[in-house]
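Trainee: Could you show me how to read a model of two chains, one feature at a time?
Mentor: Gladly; let us look at it together.

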2 protein chains.
Amino acid sequence: MACVTEVSKTKMFGGWQKVFSHQSKELKCSMNFGIYLPSKTEASKCPVVYWLSGLTCTEQNFVTKAGAQKYAAEHGLIIVAPDTSPRGCNIEGEDDSYDFGSGAGFYIDATEDKWKKNYRMYTYVTVELPALIEENFPAQPDNCSIFGHSMGGHGALVCALKNPGKYRSVSAFSPICNPCDCPWGRKAFTGYLGSNEADWKKYDATELIKSSDGPPLDILIDQGKADNFYEQKQLLPERLLEASVPSRHQVALRMQEDYDHSYFFIATFMEDHIALHAKHLNT
Amino acid sequence: MACVTEVSKTKMFGGWQKVFSHQSKELKCSMNFGIYLPSKTEASKCPVVYWLSGLTCTEQNFVTKAGAQKYAAEHGLIIVAPDTSPRGCNIEGEDDSYDFGSGAGFYIDATEDKWKKNYRMYTYVTVELPALIEENFPAQPDNCSIFGHSMGGHGALVCALKNPGKYRSVSAFSPICNPCDCPWGRKAFTGYLGSNEADWKKYDATELIKSSDGPPLDILIDQGKADNFYEQKQLLPERLLEASVPSRHQVALRMQEDYDHSYFFIATFMEDHIALHAKHLNT
């Protein structure tokens, strides 16, 4: 393990929840990620599920609150949860708002001058991080899935739809489904990609699903009906569902009565999401 | 609900995780507690399990990290998790250390002048809080159990052993088992109870188990072998086990390889503890 440094390790559900840091070539800064290694990895390589977190999160939110390790242990899955953006890049204004800059990388490769050197989270999570994981951990090569929450749900959908065949399955909790047309997405895309809205469509799941080819994806989305961001039309899951109908991909959108946008909601349905990924990865 | 104020409510595992505040008569300050109400409470009254947290904790640690709600939902149990001490009492030095004063009430009734007005956590958790819960929530009367972690494991054991028949079952994660003879306990007992060590024994599980009568208790204790506080002899579970042998009570002490003192450890074995309490409460 030449290129990763162990920050912490804690025994959990028979395996190990660890946090590592490494110097990212794509992001040109130090990055942390959480990794859960089920006990099955002591004897054999295991599939990997990538988790992308939402606005303001670090790798810690998922590690401490999602309750995923129990199910990962049961199914023999590694779960990798990276931080949500570059940190400490000394870009003017990087820490000014919760929904842009630090903690809000949006899983895209920025093209605007100010951000394009560091804000390359799309390539980080789809290329650099998987290579690092396969090199340093007992991960089965080319056998992975991806899921996430809110901004990270958007990221998971975009990563899967832009890379046909790379991810066996994809799921999301309260994802931002049509960022070109919601306040969070429009702010982030304007800042990172500029004002030409045509450039935004390559990071918008509702746009991408119309033309994404490759193996059909079995996409599970859980959305709380009492989620204030849903009510504010930041998430727009119906748009993705509608766009998916003529596509090769199948979206199962479950609207969950009374649930909000929190990790309490995520923890409640985590078992179903891990089971979906296990079904596709353990075959 | 005249005497409790809802601070938050979040849907989780089909039920509701809520936090309430109330003005405590025993502690003469405002106190928060978390309460998980499984969906079963919509139709009928349910048993209650009280959780006592460890040093530095508020009601939030258990609510966000223990992963207990899933099992409480499955077994139809209410879980109540109070804060660990009075707060904001303007007692000189109350916030000076992590292991005494705020966040460190030790679940005893203080007798030293400086603390005795507010620091009455023993009576709070065994008398005032249960009455409040039974009055305000769909709780089955006189059908409860208790468990906790570290300082709260000590608290749970002491509450059960001092009140024969009150709690159907008791369990603990890495409890302080012999506070009269460990640094944490000696500091707290000296401060709250004074220097007469004979007075300390009434809040020491290893002392209490020798003479506690009433129905035999089936006590489950999980202890991580990689717990630094175990290594520092703050916890001393072997003392309790040894003292239990001639008693009417049965201690099952499970030493868990590689596990530490954290909520990751607690979450791992939470299912077993809730199942034990459910077995005694749902009969």
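Mentor: We start with a term: a residue is buried under 20% relative accessible area, exposed over 50%, and partly exposed in between (1.4 Å probe, protein chains only). Before using it, note that this is a predicted model, where local features need pLDDT of at least 70, side-chain atom pairs count only at pLDDT 80 or more, and totals for chains, interfaces and linings use all residues. Residues are numbered from 1 along each chain as its sequence is written, chains are lettered from A and ligands numbered from 1 in the order in which they are written, and side-chain values use heavy atoms, leaving out hydrogens and water.

Trainee: Is Asp272(B) buried, exposed or partly exposed?
Mentor: Asp272(B) counts as partly exposed, because its relative accessibility is 33%. Asp272(B) sits in helix H10 of chain B, residues 263-281 (helices, H or I, of at least four residues, and strands, E, of at least two, are DSSP runs numbered from the N terminus).

Trainee: Which residues does Asp272(B) touch, beyond those up to four places away in sequence?
Mentor: Contact means heavy atoms within 4.5 Å. By that rule Asp272(B) touches Leu220(B) and Arg254(B). Leu220(B) is 52 residues from Asp272(B) along the chain, yet their C-alpha atoms are separated by 9.1 Å.

Trainee: How do I read the size of an interface?
Mentor: It is often given as the accessible area lost when the parts come together. Buried area is what two parts lose in this way (1.4 Å probe), summed over both. Here chain A and chain B bury about 1800 Å², and carbon and sulfur atoms give 62% of that. On the chain A side, Lys11(A), Phe13(A) and Phe264(A) lose the most area to chain B, together 33% of what that side buries. The contact takes 22 residues from chain A and 22 residues from chain B.

Trainee: How many salt bridges are there between chain A and chain B?
Mentor: A salt bridge is a side-chain nitrogen of Lys or Arg within 4 Å of a carboxyl oxygen of Asp or Glu. There are 4 salt bridges between the two chains. One of them joins Lys70(B) to Glu271(A), at 2.9 Å from N to O.

Trainee: And how are the copies arranged?
Mentor: Two copies of a chain are related by a rotation about an axis and a shift along it. Superposing by least squares on C-alpha atoms of residues with pLDDT of at least 70 in both, a rotation of 180° with 0.0 Å of shift brings chain A onto chain B (RMSD 0.0 Å). That is the relation of a two-fold axis. Of the residues of chain A, Lys65(A) comes closest to this axis, at 2.8 Å (C-alpha).
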